[in-house]
Protein chains: 2
Amino acid sequence: MTIKTHKYLLSEDQMPTNWYNIVADLPEPPPPPLHPGTHEPVGPDDLAPLFPMDLILQEVSTERYIPIPDEVQDIYRLWRPSPLYRAHRLEQALGTPARIYYKYEGVSPAGSHKPNTAVPQVYYNAKAGVKKLTTETGAGQWGTALAFASSLFGVECEVWQVGASYDAKPYRRTLIETFGGTVHRSPSRLTAAGRAFPEDHSGSLGIAISEAVEVAAQREDTKYALGSVLNHVLLHQTVIGEEALLQLEMAGEKGADLVIGCTGGGSNFGGLAFPFIREKLAGRQSPVIRAVEPASCPSLTRGEYRYDFGDTAGFTPLMKMHTLGHDFVPDRIHAGGLRYHGMAPLISHVYELGLMEAIAIEQTECFAAAIQFARTEGIVPAPEPTHALAAAMREALACKESGEEKVIITALCGHGLLDLAAYESYLGGQMVDSGLSDAELQAALAGVPTLA
Amino acid sequence: MTIKTHKYLLSEDQMPTNWYNIVADLPEPPPPPLHPGTHEPVGPDDLAPLFPMDLILQEVSTERYIPIPDEVQDIYRLWRPSPLYRAHRLEQALGTPARIYYKYEGVSPAGSHKPNTAVPQVYYNAKAGVKKLTTETGAGQWGTALAFASSLFGVECEVWQVGASYDAKPYRRTLIETFGGTVHRSPSRLTAAGRAFPEDHSGSLGIAISEAVEVAAQREDTKYALGSVLNHVLLHQTVIGEEALLQLEMAGEKGADLVIGCTGGGSNFGGLAFPFIREKLAGRQSPVIRAVEPASCPSLTRGEYRYDFGDTAGFTPLMKMHTLGHDFVPDRIHAGGLRYHGMAPLISHVYELGLMEAIAIEQTECFAAAIQFARTEGIVPAPEPTHALAAAMREALACKESGEEKVIITALCGHGLLDLAAYESYLGGQMVDSGLSDAELQAALAGVPTLA
C-alpha cells in the first residue's frame, strides 16, 4: 500500500496575516501583573525601561486579532508557513488506528519555533531606535533566534546562556555567533545577579533572565527580549496554530480530537493550542488540549497558582502563574528549554479556567519515544518536544486498545541536531530520571512572596 | 518593498517518478570500468559480490529514464520534493542584479542529498535478501543517510567513518546510532585494509571504502553501498535537478544561466546538473555548468584523466576518472565530504566532453560566503556546499559590475548544524587554507597504475 501524502504545505499567501490574542475570547481576563513594591497592577510605563511601547501594548491588548507587519511577514517567509506532517510510518510502527499529525517548526533558522517571536520583537525594537537587545537562553534555541533576527535588523544581540546548557552544548554558542550574537555563560561575573552565585553554578533560566534584565535596565539604547512566558510572546506564536487549523482542513480532517504540546515557559504550547481553544470556545471543534511538562520541573501539575517573580533575583513584576518558586533550580535534564520555574500567566489562567489539562513525563520515556520517531519519520526531535511525542504515543497506543480513530496533533517545536549529546546519553544507557520530592517542592515554594 | 515569494514548493504528486540517466544522451559512452587483474571491462558478475543485480543493471544501463519504485517514492515523500528558494536577502546584501536560487537538500533525514540514493540502494538490497550493508562515510552525511534508510527496511548498517571526521564530529556518530547504525573509526583494526595504517591516522575516503568493501566481500548476506562516484548513485540524485527545472519554471524563469554545485565524489553535482545538461544538449536551455572543488583536493582542475582505483587498497575496479592518485590523502579541510581523490567517472567524462567547467576555491573564502549566507538567508550551510555558494557569490558580484541579470542556481546540498566546529574555527580566526603543491601532486599521481 502506497503512502499518498505525508506533508501538508500551505503557500506563502496562505500565511496568517494576523496574530490571535486569546484574551479577547476568554470568559474572564487574566489577573494583572503587580508591581513588586506596591503590589498594584503595573502599567505600560513600568515596563518601558525593558520593552518598546508596541510590544507593551500587545502585552496588554484585548483585541482579538493584531496585524502582522509586512516587514515581519517578509522574514517569516524564509521558513513559514511551516509544514504539517502526517506520521504514517510512526502510526504503522505503533499499530494504531489514530491519525497522528505533527506541526514542525524545526524548519526555521534557529531550528525551532522561537524565531516566530524573535523577528517581531527585534522589528518593534529596531523601529523604536533600540541598538542592542539582551536576553537569556536555556537550550539555546531562543538565543539563536534572537541573534538571527537581530542580524537582519542591524541590532546588537547579547545572550546569557544557562550554565548547564552552555557547558553541554558548545555548538549552540557557535550557532549564535554565526548569526552575529555574543554569548556569556550564566551565572556570569558581568552582573550583580550573576555574581550572587558561584561561577561554576549550573544556572537556571531565572538567573539568566535576571542578568539580561539587569544589563538592559542600565542603558537607554538597550532593551530586553524574553523568549516565552509573556502575553506578546505567546501571541506571536499563534501563527503555528492558525496554520495548523488550515492544514488539518487540507488533510480532510474536521478538526482535532487531541492537541498536545510540551510546556516550559509555554510559548510553543500556546502558539499551537490557543487557536484550537478559540475553535473550542466557539463550538466549532471540541479537542482535548493537553500540556506535557518534564517530571522534574512540573509547574502546572505540581506548582501552586500564586503571584511570583519571573526571575530569580526578583527584578520582574509579580505574575500570577503556576510556580515552583522563583528560586527553584531544576535538575539538569536534557530539555533545557523546559527548565523554568513558572508557567506563562496566560496559560496558567487558561488552565484554571478548565480549558486544558496537563501531565508530566520523565525524560527516559521521552527519549525512547524520540528514537522510535526518528527511525520512522526521519526527524530527530529536540529534547523539549520529545515530551509531546511521548504523550502522543501514549494516546496512540490507548487508541490501539480502544479502536478509536482519534486525530492527534502534536507540536514538534524543534529538531534535536544540536542536542545529540542527550541522545548519546540515552543510547549509552546513562540517562536517569529525576522526579521531584514533595520536600524539595515545599522548600522551593517557601520563597514565594505572600501577598496581602 | 515587500518580498513576495521566497520558496518554490512542489506538491508531492509533482515529484519525479523517474530517475534520469544522462548516459542515454551523451554523444559517446563513458569508458567502461576495468578488472584490475585482466584490464578487461568488468561485467555484471564481477560486481555481484558487492551489489545487488538491480543496482548493477542501473550502473550499466543506457535507458534514458528508470522508474522510481513506489516503495522508494513513499519514503522520498518524508522530505521530497525539496524546496527551491530565491535568495532575495542575499541578493540585496550583495547589491547584485543577478537572481540567485538555491535548491535545498538539507530538509532530508540526514540533512543532505544523500538519502536520495540511500533509500533506493537499501530498497534494492532488501529486495535481494541482503541482511547487512557496509559503507564508508566522510563528513558523516552518507553514513547517516544509509543508517536511516536501513532502519526503514530492517537491514543492519555498519559504517566506517574517516578518522578526521570521526574525531571532529562526535555528534555525527550519535546521529548514525540514533538511526540504528553502528560506527567504526577508520582506519580500524577490524580489517586488513585498516590495519595497513596506524590507528591514529586521519584516514581518507579511499581507506574507509577499502575497509567496508573488505567486510562486505567476506559474507554472502552482506553487501556494500557507496554514497557517490558510481553511475547508479548519480542516477538516483537526478531527482534534485528534475525538481529544480520545474521550480525555476514556477518562479517564472525561462531557464538557468549558470548551474553551480560543489564536487567531492560528484553525486550532488551530478544530481542537480545532469537534467540541466539534458536541456542544454536538447537546445532548450543554454546554462553554463560549473563544478566547484576544494583547492586542497582538486581532482577535476588539477588531477589527471586516467584509470585509477576507487579506493586506497585497490579492491575496486579501475575507473577512468580525474584522479589525484588513489593513495592521495587530502588535508583535513572541514568539507570532509569533498576529501576524495577521484571524480565520478561519469562527471569526468562529461567534463572531457566539454559540457561543463570546473574551478577550485580555498576554504576561508567559502566560510566567509557561508557566514554572509547564514546571516541573510537563515540557513547554515554544510562546509561542502559553501564552495558552491562562494562561487555563486563571485558570479553575483561580477553581475553587479556588468549589470547582467543572470539566473544562478546553486545546489545547497546540506545544512551545517553538525559542522559547527568548522564555523567555530573560522569565527575564531583559526581556519587556514591549504593549497596543494605541484610536488605533492606529482608524488601522489606516481602511484596510479599505468595501463598497457
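Which residue of chain B comes closest to the rotation axis? In this predicted model, that residue is B:Leu417, whose C-alpha lies at 3.4 Å from the axis. The rotation in question is one of 180°, with 0.0 Å of shift along its axis, and it superposes chain B on chain A with an RMSD of 0.0 Å. That is the relation of a two-fold axis. The two copies also use the same surface, since 100% of the contact residues of chain B recur in chain A.

I turn next to a sheet in chain A. This is an open sheet of four strands, in the order E8-E7-E6-E9, and the pairing is parallel. Strand E8, residues 182-186, and strand E9, residues 222-224, stand at the edges of the sheet in chain A. Each has a single partner strand, so one side of each is left without a neighbour in the sheet. From one strand to the next, the twist averages 25°.

Within that sheet, strand E6 of chain A, residues 132-137, runs parallel to strand E7 of chain A, residues 156-162, and six bridges join them. A:Lys132 stands opposite A:Glu156 in E7(A), and A:Thr135 stands opposite A:Val159 in E7(A).

How many of the six residues of E6(A) are buried? The count is six of the six, so the strand is largely enclosed by the rest of the structure. In a regular strand the side chains alternate between the two faces of the sheet. Here both faces of E6(A) are covered. A:Lys132, A:Thr134 and A:Glu136 are buried on one side, and A:Leu133, A:Thr135 and A:Thr137 are buried on the other. Helix H6 of chain A, residues 141-153, lies across E6 and E7 of chain A and runs at about 165° to E6(A).

Now to the cysteines. A disulfide is a covalent bond between the sulfur atoms of two cysteines. Over all chains, the structure holds zero disulfides. A:Cys157 is in none, and the nearest cysteine sulfur, that of A:Cys413, is 20 Å away. A:Cys157 counts as buried, at 4% relative accessibility. In chain B, B:Cys413 is likewise in no disulfide, with the nearest cysteine sulfur, that of B:Cys262, 4.1 Å away.

The buried residues of H14(A) are A:Pro345, A:Leu346, A:Ile347, A:Ser348, A:His349 and A:Val350. They pack against several elements of chain A: helices H11 (231-250), H12 (267-281) and H13 (299-302), together with strands E12 (304-309) and E13 (318-323). Just after H14(A), A:Gly354 takes a positive phi of about 80°.

Finally, how do H15(A) and H17(A) cross, and at what angle? The axes of helix H15, residues 363-377, and helix H17, residues 420-427, both of chain A, come within 11 Å and cross at roughly 105°. That makes H15(A) roughly perpendicular to H17(A). From H15(A), the contact is made by A:Thr364, A:Phe367, A:Ala368, A:Ala370, A:Ile371 and A:Arg375. From H17(A), the contact residues are A:Ala422, A:Tyr423, A:Tyr426 and A:Leu427.

Notes: Residues numbered from 1 in each chain as written. Chains lettered and ligands numbered in written order. Predicted model: local features only at pLDDT ≥ 70, side-chain atom pairs only at ≥ 80, totals over all residues. Heavy atoms only, no water. Least-squares fit on C-alpha atoms with pLDDT ≥ 70 in both. Contact = heavy atoms within 4.5 Å. Pairing = 2+ DSSP bridges. Helix = DSSP H or I, 4+ residues; strand = E, 2+ residues; numbered from the N terminus. Axes fitted to C-alpha atoms, helices over the stretch in contact; angles between N-to-C directions. Disulfide = S-S within 2.5 Å. Buried < 20%, exposed > 50% of the residue type's maximum accessible area, 1.4 Å probe, protein only. Parallel < 35°, antiparallel > 145°, perpendicular 65-115°, else oblique.
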